[in-house]
Amino acid sequence: MKKRLKKKWILLAVIVAVVALLDGLASNINLLDRAIVVGLGIDEENGDTVISAQVIIPKNGSSASEGNDFVVYTSRGDTFQKAVENLSYAVGLKASFAHTNVVILGDGFLKSGRTDVLEFLVTSDIVTDNTLLVASAGDAKDLLAVQMPINEVASYHLTEILQSNRKEAGQNTSSLKSYFEDIYKVGQTACLPLVFLRESEFGMLGQRADSEKTKLLDVSHVVVTNAEGYLVRLGRRQSAALSYTTQKLNAGSLSYIGDDGIKKEAVILRTDCEKKALSYDEVEIKLDFSVRPAEKYFVRPDATADDISDEEEEQICADIISAVADCFEVCKYFDADVFHAGEELYRTFGEEWRLSREKNYLSDLKLRITVNLNVK
């Protein structure tokens, strides 16, 4: 009797497991019924959250040449979650964010101080923590819809620029994870690459030469934010200075006036940065650059390329120091600890430093900048 009862319970458990498995398979959405979002733009209009999704709609055909369709859909809602729900209705397919490469934050959204959306993104599993996070000079939806060369889409182009093996001076990358890591450091300051448009010299592939020119995406500027939102926009020179302290660069250039009075460039081969707290009110930033003259490998066979002279090296080092100091002073005015000096002070001196300083510790902070230039 006991054996028979035991067999019945085992059989019942097997049946329940099979039913649950079949139900799960039945509820899975076919790939062809999904709208795959590769780029997501977030704007703010009249208190509503407006999202724009660059979507791949897979084609169901036997020929690989049919490819996929890329379309930008827009939806809105009083909350981000509601806007996402409305997006699926707008597309007519279930929106899938598993392959979202980049999230673009519109200028109006950043200046609105809406922190709830970003908090939802990082606490939910709607996108991965490594999704790129960038700011737009205008509306994010306009950036996603821009006409790119060679039939490329904006979100893919941004990914290629920011995740390239070439870490170029002036390009400061950020992801959802790194953004919140910076926000929760002492000073609560984070930076986002600012994307704006530049007109290219070319039209779309296959179109007439006098047709509308395509656009290029420029990421050489930076938006500085804190936990409440937008603080200040850094220009090209200040953004380059920021990249010296936050990125290990292997591309880009440094301009200088040669001993012969001609403007020249030194190509960046490698950079490194070391930060050290010297006292409660002073932090040192040591920058190490390896460079070569830009014309070194582009001279005639019968000519020689001059190395960078000692005077030219001093000029380059002075310009780097000036740019970093300028970036620091601009951000200090807006109480933005862009170099995370407060974090370095706290790591060195601990709670004793924090208790001895007011909230606006930047006002008395001194930055000592040293540069070592190694010419190859």
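## Aromatic residues and their surroundings

Let's start with Phe180, which counts as buried at 10% relative accessibility (buried is under 20% relative accessible area, exposed over 50%, partly exposed in between, with a 1.4 Å probe and protein chains only). Tyr184, by contrast, counts as exposed, at 62%. The model is predicted, so to speak of local features takes pLDDT of at least 70 and to count side-chain atom pairs takes 80 or more, while totals for chains, interfaces and linings use all residues. Residues are numbered from 1 along each chain as its sequence is written, and side-chain values use heavy atoms, without hydrogens or water.

The whole structure holds eight aromatic pairs (rings of Phe, Tyr and Trp, the last by its six-membered ring, with centres within 6.5 Å; planes under 30 degrees apart are stacked, over 60 edge-to-face, the rest tilted). Among them is the tilted pair of Phe80 and Phe120, with 5.6 Å from centre to centre and 55° between the planes. Phe80 belongs to helix H2 (residues 80–91) and Phe120 to helix H4 (residues 116–123), so this pair ties together parts that are 40 residues apart in sequence (helices, H or I of at least four residues, and strands, E of at least two, are DSSP runs numbered from the N terminus). With 1% relative accessibility, Phe80 is buried, whereas Phe120, at 23%, is partly exposed. Back at Phe180, its ring and that of Tyr184 have centres 6.4 Å apart and planes at 25°, so the pair is stacked. Ring pairs also bring in Tyr179, giving a cluster of Tyr179, Phe180 and Tyr184.

## Charges over rings

Two other rings have a charge over them (NZ of Lys or CZ of Arg within 6 Å of the ring centre and within 35 degrees of the ring normal). The charged end of Lys111 sits over Tyr230, 4.8 Å from the ring centre. Arg233 lies over the face of Phe196, and here the distance to the ring centre is 5.6 Å.

Of its 23 lining residues, Thr173, Ser178, Asp182, Thr246 and Gln247 lie nearest the centre. Helix H7 (176–183), strand E7 (189–203), H8 and helix H10 (341–349) each give at least two residues, and H10 gives the most, with three. This pocket too takes lining residues from both domain 1 (31–234) and domain 2 (247–376), so it lies between them.

## An enclosed cavity

One cavity of 30 Å³ or more turns up in the whole structure. The largest cavity has a volume of about 50 Å³. Its lining includes Ile161, Leu162, Glu168, Thr173 and Gln247.

Conventions: On a 1 Å grid over the protein atoms alone, a cavity is a set of points where a 1.4 Å probe fits but cannot get out, and a pocket is an open set with protein on both sides within 12 Å along at least five of seven lines; lining residues have an atom within 4 Å of a point. Domain bounds come from an automatic or database domain assignment. Grid points are joined across faces, edges and corners, and a volume is the space filled by probe spheres set on the points.
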